[in-house]
Amino acid sequence: MRALLQRVNRAAVVVDGAEVGSIGRGWAILLGVGPGDCEDKAAQLAKKIVTMRAFEDSAGKMNLDAKQAAAEFLVISQVTLYADLSRGRRPSLATAAPPQLAESLVDHFAGLLRTAGFRVATGRFGAYMEVEIHNTGPVTFYLSTDD
């Protein structure tokens, strides 16, 4: 799994002109799923994100994890994180997981965050989405469970 995390003050996702999810302070997560991914990898990634100390404390240092910062999560499926751009000019998505597996693992990942006690909003799998991200810092991380 691959995740692009952006620390935000606000983030929202719109489908067909209607907002389907939004959060306040927390992480906007663009989440890609590869063909070899599984629930264990989703759990590994969720744990890493939840425990990362990337929110500022009262001294302005990145010392707080998501729980300490009362973070919220916006999880958006992002197939293009597995795009292959090594040949030609058109990205190939052949290295991404099949849609059925990807949707299941994105839902599982969001569920793990909810089970950990966080407020989680999501996009709509397979839909054309407009994502509004108010990145703060800016703070952006790329995480991967790929071997």
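This is a predicted model: local features need pLDDT of at least 70, side-chain atom pairs count only at pLDDT 80 or more; totals for chains, interfaces and linings use all residues.
Which residue just after α2 takes a positive phi? G117 does, at about 100°.

## Helix α1

Helix α1 runs over residues 39-51, 13 residues in all. From first C-alpha to last it reaches 18 Å. That is close to the 18 Å expected at 1.5 Å a residue.

The buried residues of α1 are K41, A42, L45, A46, I49 and V50. Viewed down the axis of α1, its buried residues fall within an arc of 165°, so they line one face of the helix. An α-helix has 3.6 residues a turn, so residues three or four places apart point the same way. D40 and K47 sit on the other side of α1 and are exposed. Several elements cover the buried residues of α1. They include the strands β1 (2-15), β3 (26-32), β6 (72-77) and β8 (129-144), together with helix α2 (99-115).

## Helix α2

Helix α2 has 17 residues, which should span 24 Å at 1.5 Å a residue. Its end C-alpha atoms are 24 Å apart, so the two values agree.

In α2, the residues A102, L105, V106, F109, A110 and L113 are buried. They cover an arc of only 135° around the axis, which puts them on the same side of α2. Q100 and T115 are exposed, on the other side of α2. What do the buried residues of α2 pack against? Their partners are β3, α1, β6 and β7 (120-122).

## The largest pocket

The largest pocket has a volume of about 300 Å³. It is lined by 19 residues. Of these, S77, Q78, V79, G126 and M129 are the closest to its centre.

Which elements each supply at least two residues of the lining? They are β3, β6, α2 and β8. The lining divides into 15 nonpolar residues, four polar and no charged.

## R7 in strand β1

R7 lies in strand β1. Is R7 buried or exposed? Its relative accessibility is 4%, so R7 counts as buried.

Neighbours within four places in sequence are left aside here.

## A70 and A71, side by side in a loop

A70 lies in the loop between β5 (62-64) and β6. A71 is found in the loop between β5 and β6 too. Their accessibilities put them in opposite classes. A70 has 58% relative accessibility and therefore counts as exposed, the cut-off being over 50%. A71 has a relative accessible area of 4% and is therefore buried, the cut-off being under 20%.

A70 and R25 are 45 residues apart along the chain. Their C-alpha atoms are separated by 7.9 Å. A71 and G24 are 47 residues apart in sequence, with 7.9 Å from C-alpha to C-alpha. What is A71 in contact with, leaving aside its neighbours within four places in sequence? The residues are R25, G26, F55, A66 and F118.

Technical notes:
Residues are numbered from 1 along each chain as its sequence is written. Side-chain values use heavy atoms; hydrogens and water are left out. Helices (H or I, at least four residues) and strands (E, at least two) are DSSP runs, numbered from the N terminus. The expected span of a helix is 1.5 Å times one less than its number of residues. Buried means under 20% relative accessible area, exposed over 50%, partly exposed in between (1.4 Å probe, protein chains only). The arc is that of the directions from the helix axis to the C-beta atoms. Contact means heavy atoms within 4.5 Å. On a 1 Å grid over the protein atoms alone, a cavity is a set of points where a 1.4 Å probe fits but cannot get out, and a pocket is an open set with protein on both sides within 12 Å along at least five of seven lines; lining residues have an atom within 4 Å of a point. Grid points are joined across faces, edges and corners, and a volume is the space filled by probe spheres set on the points. Ala, Val, Leu, Ile, Met, Phe, Trp, Tyr, Cys and Pro count as nonpolar, Asp, Glu, Lys and Arg as charged, and the others, Gly among them, as polar.
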